[in-house]
Every structure is written in C-alpha cells, then in structure tokens.
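Thank you all for coming; I would like to walk through one structure this morning. Please have the sequence and the model open while I talk.

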Amino acid sequence: MSDKTNSREGFSSKFGVIAAAAGSAVGLGNIWRFPYVAGENGGGAFLLVYLGFVLTIGLSVMLAEFIIGRRAQKNALGAFRVLAPKSLWWLIGLMGIVAAFVIFAFYSTIAGWTLEYLVQAAANGFSGKDASQINEMFITFQHSLARPLIWQVAFIVLTAVIVVAGVQKGIEKYTKFLMPALFVLIIVLCIRALTLDGASQGLIFLFKPDFSKITGKVILEALGQAFFSMSIGMGALITYGSYIKKDNHLPKTAFQVVIADTMVAILAGIMIFPAVFAFGLSPNAGTGLVYQVLPNLFQQMTGGYVFAILFFLLLAIAALTSTISVLEVLVAWASEELKMPRRKATLVLSTLVAILGVFATLSFSNLSEVKIFGNGIFELMEKFAANTLLPLGGFFIVIFVGWKLGGKIVADELTNSNTIKVRFLKIFMFIVRYIAPVAILLVLFNSLGILKIG
Ligand code: TRP
C-alpha cells in the first residue's frame with residue numbers, strides 16, 4: 001500500500017491537515033446551525049447533551065473515519081472496497097455519497113445568504129435599521145426569487161473552482177490562514193455581545209441547563225447537530241484521512257479538530273444569545289436566527305461597518321472550507337471509482353448539486369407550500385441528512401472499524417505501526433464496538449417512537 005501513498009496527492013504538513021479538517025468541521029454548522037438548533041431545543045440542556053455526544057460518539061466516529069481513510073488510501077466508497085473486498089460494506093460509502101449530495105444542496109442555500117449579507121454589509125445596508133426592520137429585510141430577501149438562487153449558484157461555482165485546484169494548492173493553502181482569522185473575529189464579536197445590556201439573560205439561556213427540557217427530540221437534534229458540525233458520518237473525513245501522512249498522530253489530530261469545532265460553536269452561542277435577548281428577539285426564530293440578530297450587534301459597535309464586512313466574509317469562507325470537503329467526497333469518488341477526470345467530475349457533480357439545491361432555496365419562496373411528511377423541502381433535506389443519514393452512517397462506520405477491520409489494523413493505524421504510544425486503545429475499541437453503536441441506535445429508535453426513553 002505504501003507505493004500508492006507516494007503517487008497520491010496529500011496534505012503536506014501537520015498544520016495543513018488540522019486546518020483542512022477543522023475547516024471542514026467549522027462552518028455554517030457552528031455559526032448558523034448550532035445557535036438556531038440550540039435555541040429551538042432548550043439552550044443549556046441541549047448544549048449539555050450535545051457536548052456529551054461530541055466527546056464520546058463524535059470523537060470516536062471521527063477517529064474511525066481517519067483510520068479507514070488513511071488505511072485504505074481511497075475515497076469514501078472505494079475505501080470500503082479496498083478494506084473489505086467482495087462484500088457489501090461499500091454501501092456505507094454509497095450512503096455517504098447520497099448524504100453529500102443532499103448536504104451540499106441545502107448548505108449552499110445558506111452559504112448563498114452569507115454572500116448576500118456580505119454585499120449588504122459592504123453597501124451599509126443595515127445602517128439605521130431597528131431590529132424589526134432588520135427582520136423584515138431578511139424575510140424579504142429570503143422570499144425573493146432570483147437573488148438567493150444567484151448567490152447559491154455563485155457559491156457552488158466558488159467551491160468547484162477550489163476543488164478543481166486539488167488538495168494542496170486548493171484546500172490546504174486557503175484554510176491555513178483563514179480559519180485562525182475567523183476565530184479571532186468571533187472572539188471580538190463575543191466581547192461586544194457580552195457587554196450589551198441584558199447580556200446575562202442570553203448566557204443563562206445557553207449555559208444553565210433546564211433538565212425538564214430534555215426530550216427524545218432534543219436528544220436526537222443534539223446527536224444530529226454533533227454529527228453535522230463535526231463533518232462525520234458521510235465519509236468526508238475518510239476522504240481527508242486518505243490524504244493524511246503515515247506519521248500523523250491521528251488521535252491528536254482528531255482531538256484538536258474536535259476542540260476547535262466545539263469552541264467555535266460555543267463562541268457562536270456566546271456571540272448570538274446575549275444579542276438575541278438584548279434586542280428583544282426570540283431564540284427559537286429558526287433558520288434565520290444569526291442573519292436576523294447579528295446586524296443589530298454590528299450597529300451597536302464602534303467600527304461595526306468594518307466588522308460586519310469582515311464577519312460575513314469570514315463566514316462565507318468558513319462555509320467554503322466546509323463545502324469544499326463535501327464536494328471533495330463526490331469528486332474523489334467519481335474520479336477514483338468512475339474514472340472520471342477531476343475537472344469533468346467537478347463540473348458534472350456540482351451541476352447536479354445545483355439542480356437539487358434550487359429546490360432547497362425555492363422552498364423559502366415559490367415552493368414554500370410544498371410539504372413532504374409535514375416538512376418543507378429545505379427542512380426535510382436538512383433534518384434527513386443531519387438526524388438520519390449521518391448518524392446511520394456513523395453507526396456503520398464504527399461497526400466496520402470495531403468488528404470488521406479488527407484490533408490489529410486499528411492499533412497499527414493509531415500507533416503509526418508502533419512508533420507512538422497510545423494509551424486509550426482498549427477504550428477506543430470498546431466505544432466503537434459497543435457504546436457508540438448502541439447509543440446511536442437508541443437515539444434513532446427513540447426518535448422514531450419505536451422505543452420510548454424520553
Ligand atoms: N461541518 C460543516 C459545518 O459545520 C458541514 C460539513 C462539511 C459536513 N462537511 C461535512 C457535515 C460532512 C456533514 C458531513 O458547517
């Protein structure tokens with residue numbers, strides 16, 4: 001297998017690996033999705049369950065994906081073909097490919113919004129508006145026809161351009177300095193949010209758990225959010241894992257990525273919730289939450305004009321480093337398994353995503369009446385991907401690593417063929433074999449009403 005390692009493109013440095021993987025993990029999931037899902041599901045109680053999932057199941061699934069990818073040196077589907085030939089395990093990869101289509105389709109809707117808001121910020125479009133006018137501005141944009149679609153397509157094109165450039169010159173080069181910049185900016189915004197009058201109410205909402213709020217639905221949403229935010233369960237990190245060098249300390253890398261991802265989510269919460277309460281808005285406003293809240297915050301800041309531009313710029317970039325990882329799953333699969341040239345694969349796949357994505361975007365306007373199982377199109381894609389496809393993918397991934405790959409290979413990957421010491425090998429095996437699969441199934445069954453625990 002080692003001869004393949006040399007001919008295959010890969011990340012060139014350790015920091016590059018972390019930046020790319022953290023770039024995938026940190027995105028709209030942390031800044032757009034975490035606050036609004038936490039807001040709808042009880043705040044503090046949700047955060048607690050979420051953190052529990054991140055540190056146990058999440059971390060293990062992430063490590064499991066890295067192990068599969070680096071071992072196989074292949075895309076999300078091909079990896080299972082290499083490691084378990086003549087079996088049906090590749091179907092896990094196929095599920096990941098489907099998830100990638102769905103996620104990119106709805107994600108690009110929200111990513112498009114960041115571009116609209118970037119332009120609005122630059123044009124000083126929030127200036128002089130009160131909270132209700134800012135609200136209105138968002139609703140008007142969301143319900144309009146052409147603009148959200150144009151931004152969505154623009155975003156998909158942007159992603160495609162970088163993916164065509166390849167791993168080192170595309171993904172690694174940009175994420176390396178853009179991720180740290182986003183981090184710094186969020187901290188600045190947190191400080192401003194915390195000094196607003198009435199900020200404490202937001203902090204109480206986010207950090208004080210009200211245990212009576214924990215229901216089966218809240219638990220499922222927390223699991224789905226953990227998977228979505230960490231980019232796990234669909235093979236994105238199998239794909240990235242295949243670009244990681246043999247001497248990389250996988251557990252360390254996974255841990256650092258998890259810390260970065262979790263910190264950004266919590267910081268986003270600290271940035272949003274104080275502002276939600278200070279401006280008299282409601283935490284359960286749904287998908288528009290950040291877009292409706294933050295412009296108010298910028299107006300209260302010295303230099304708010306500049307901060308608004310910087311924020312939406314960096315948010316767009318954070319989204320971009322995430323969509324890159326989703327498209328890379330599709331492109332790596334098509335180029336390795338279907339033998340399509342990278343360029344053609346990128347073009348064909350992003351066109352298909354754009355077609356599907358149009359429906360997600362229109363579900364806020366012309367198709368808003370269309371309901372499937374009681375959900376709008378966007379909502380259905382989002383919930384189905386986050387709360388079903390990803391956890392199910394994660395379930396099979398840990399089963400694969402725990403029961404099919406076997407302790408020897410896992411130990412070999414975790415210790416880099418016995419060159420580093422890893423203390424928690426046994427615990428890891430125990431989690432991927434028993435704890436994680438059982439926990440994921442319990443949460444899924446519970447939400448389907450097959451089993452009632454909460
Ligand atoms: N984690 C990203 C975010 O939080 C979204 C994302 C990128 C993703 N790649 C993924 C989600 C793979 C699931 C699977 O914005």
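Let me begin with a question: with which residue does E413 form a salt bridge in which the closest N and O atoms are 3.2 Å apart? The partner is R71, and the pair links distant parts of the chain, since E413 sits in helix 18 and R71 in helix 4, 342 residues apart. Before I go further, please keep in mind that this is a predicted model, and that what I say about distances and accessibility is computed from it.

E413 also forms a salt bridge with R70, and here the closest N and O atoms are 2.7 Å apart. Because E413 lies in helix 18, residues 407-414, and R70 in helix 4, residues 44-72, this pair ties together parts that are 343 residues apart in sequence. Is E413 buried or exposed? Its relative accessibility is 3%, so E413 counts as buried, the limit being under 20%. R70, for its part, has a relative accessibility of 1% and therefore counts as buried by that limit too. If we widen the view, R70, R71, K246, D412 and E413 are linked in a network of salt bridges.

Another one of them joins the side chains of D210 and K213, at 3.6 Å from N to O. In this pair D210 is partly exposed, with a relative accessible area of 32%, and K213 is also partly exposed, with a relative accessible area of 39%.

Let me turn to helix packing. Two packed helices are described by the angle between their axes and the distance between the axes. Helix 14, residues 289-299, packs with helix 15, residues 304-337, at an angle of about 150 degrees, and their axes are 9 Å apart. On the side of helix 14 the contact is made by Y291, L294 and F298, while helix 15 brings G304, F307, A308, F311, F312 and L315. Sorted by class, the residues of this contact are 8 nonpolar and 1 polar, with no charged residue.

Now to the empty space. Rolling a probe the size of a water molecule over the atoms shows where empty space is left. The largest pocket holds about 590 Å³ of space, and of the 26 residues that line this pocket, the closest to its centre are N375, E379, L380, K383 and F384. Two or more lining residues come from each of helix 3 (28-40), helix 11 (216-230), helix 17 (377-405) and helix 19 (425-448). Which helix gives the most to this lining? That is helix 17, with 9 residues. By class, the lining of the largest pocket has 10 nonpolar, 9 polar and 7 charged residues.

How many cavities of 30 Å³ or more does a search of the whole structure find? The search finds 2. The largest cavity has about 160 Å³ of space and is lined by 18 residues, of which S24, I103, F228, S231 and V326 lie nearest its centre. Helix 2 (14-25), helix 3, helix 6 (90-122), helix 11 and helix 15 are the elements that give two or more residues to the lining of this cavity. Its lining residues divide into 11 nonpolar and 7 polar, with no charged residue.

The second largest cavity has about 40 Å³ of space. Its lining is made up of A76, F80, I92, G93, G96, G233, M234, G235, I238 and I397, and helix 6 gives the most to this lining, with 3 residues. By class, the lining of the second largest cavity has 6 nonpolar and 4 polar residues, and no charged ones.

With a relative accessible area of 38%, Q256 is partly exposed. The C-alpha atoms of Q256 and F141 are separated by 38 Å, and the two residues are 115 residues apart along the chain.

Note on methods
Residues numbered from 1 in each chain as written. Predicted model: local features only at pLDDT ≥ 70, side-chain atom pairs only at ≥ 80, totals over all residues. Heavy atoms only, no water. 1 Å grid on protein atoms, 1.4 Å probe; cavity = no way out; pocket = protein on both sides within 12 Å on 5 of 7 lines; lining within 4 Å. Points joined across faces, edges and corners; volume = space filled by probe spheres on them. Helix = DSSP H or I, 4+ residues; strand = E, 2+ residues; numbered from the N terminus. Nonpolar A, V, L, I, M, F, W, Y, C, P; charged D, E, K, R; others polar. Buried < 20%, exposed > 50% of the residue type's maximum accessible area, 1.4 Å probe, protein only. Axes fitted to C-alpha atoms, helices over the stretch in contact; angles between N-to-C directions. Contact = heavy atoms within 4.5 Å. Salt bridge = Lys/Arg side-chain N within 4 Å of Asp/Glu carboxyl O.
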